[in-house]
Amino acid sequence: SRSLCTVVCKWTYTSDGGWDDSFWKIIGLEDLVMDKYEKIGNHVLSPGEPVGKGLTPEAAKDLGLPEGIAVAASLIDAHAGGLGIIGADVKGHNLPCENQPITSRVAMICGTSSCHMGVSETPIFVPGVWGPYFSAMVPGLWLNEGGQSATGKLIDHVVRGHVAFPELQSKAAASACSIYTYLNSHLDLIKKSLPVGFLTVDLHVWPDFHGNRSPLTDLTLKGMVVGLTLSRGLDELALIYLATIQAIALGTRHILETMEAAGHRINTLFLCGGLSKNPLFVQMHADITGKPVVLSKEVESVLVGAAILGACASEDFASIQ
């Protein structure tokens, strides 16, 4: 059994038309068409549907779980995160998405790279953004998926490559905190009376060190830093760290504006993943997009999404909704 999520998002499958024979022939993989697509699987299930007769005896033994326990058709990792956060209950927080359909929300799954997941009732074609994919994340809704190829990876790369990194490491260790907690507090120290975002008025990062996925879709693009000086201390490391986070947030804004120009109506951001645990990253996204950011009480949203699928496969719940 194959998951509809994977075959729709990555394999050009559609829930109404199935596989497209002509596509496989054009790219020289016509042998996959034989025997009704036996090689790549022709039994496609919606995420959350039970697979087979549940866990096989061999798998149950390896995992230390009961044989026959329900197994759900899966979601891609970021899509599970989107599912785990986009339906969050926001009552009583005075958010613009309260009492609005979830099409007014974008789920941002931000770790090594970032995905921006927005759903719509009708298909919306957004230049440079993947999709629309029917029922690929939330059943019955179309999914558009923006993305940034390097986010957490980029921040790490910039910070660890700086000449002042050893000093940062030893000071963070002495304060018994992470390097990012230390950098955030250091920025608060040097900002004086202005908001922290203004510290980088003369320092700018173009964050496409690993090409641009959305919305420019140009894998040949490279990164750039403008405004470097001969200073090489901890202050400068903190500033380039801040400028990198701001650049990533501006990339998110570029994706959201492109989605909105194509017809999405987005008023609230929902963040999950490792970077959502960094208050500076969250704050810069709120400041730069001008939209409120919601964080879930349960931080591991990808696991929440996977648990929702399991709860459907076990038939404890009738649907993902």
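User: At about what angle to β10 does helix α10 run?
Analyst: This is a predicted model, in which local features need pLDDT of at least 70 and side-chain atom pairs count only at pLDDT 80 or more, whereas totals for chains, interfaces and linings use all residues. Residues are numbered from 1 along each chain as its sequence is written, and side-chain values use heavy atoms, with hydrogens and water left out. Helices (H or I, at least four residues) and strands (E, at least two) are DSSP runs numbered from the N terminus, and angles, from 0 to 180 degrees, are taken between N-to-C directions of lines fitted to C-alpha atoms, for helices over the stretch in contact. Helix α10, residues 279–289, lies across β3, β9 and β10, and its angle to β10 is about 150°.

User: Which elements are included in what covers the buried residues of α10?
Analyst: Buried is taken as under 20% relative accessible area, exposed as over 50% and partly exposed as in between, with a 1.4 Å probe and protein chains only. By that criterion the buried residues of α10 are L280, F281, V282, M284, H285, I288 and T289. Contact means heavy atoms within 4.5 Å, and the cover over these residues includes β3, α6, α8, α9, β9 and β10.

User: In what order do the six strands of the open sheet lie?
Analyst: Strands of a sheet pair through backbone hydrogen bonds, either parallel or antiparallel. Here two strands count as paired if DSSP finds at least two bridges between them. The pairing in this open sheet is mixed, and the order of its six strands is β5-β6-β4-β3-β9-β10.

User: Which are the edge strands, and what does the twist average from one strand to the next?
Analyst: Strands β5 (130–134) and β10 (293–295) each pair on one side only, which makes them the edge strands. From one strand to the next, the twist averages 25°.

User: What angle does the direction of helix α5 make with that of β3?
Analyst: Helix α5 (residues 77–86) packs on the sheet and touches β3, β4, β6, β9 and β10. Its direction and that of β3 make an angle of about 135°.

User: Is W19 buried or exposed?
Analyst: W19 is found in the loop between α1 and α2. Leaving aside neighbours within four places in sequence, W19 is in contact with V7, W11, Y13, W24, Y37, I40, G41 and N42, and a polar atom of its side chain lies 3.4 Å from the backbone oxygen of G41. Because its relative accessible area is 10%, W19 is buried.

User: What is the relative accessible area of G131?
Analyst: G131 lies in strand β5 and, not counting residues up to four places away in sequence, touches F125, L143 and N144. G131 is classed as partly exposed because its relative accessible area is 25%.

Conventions: A polar contact is a pair of N or O atoms within 3.5 Å; within protein, one must be able to donate a hydrogen and the other to accept it, and residues adjacent in sequence count only if both atoms are side-chain atoms.
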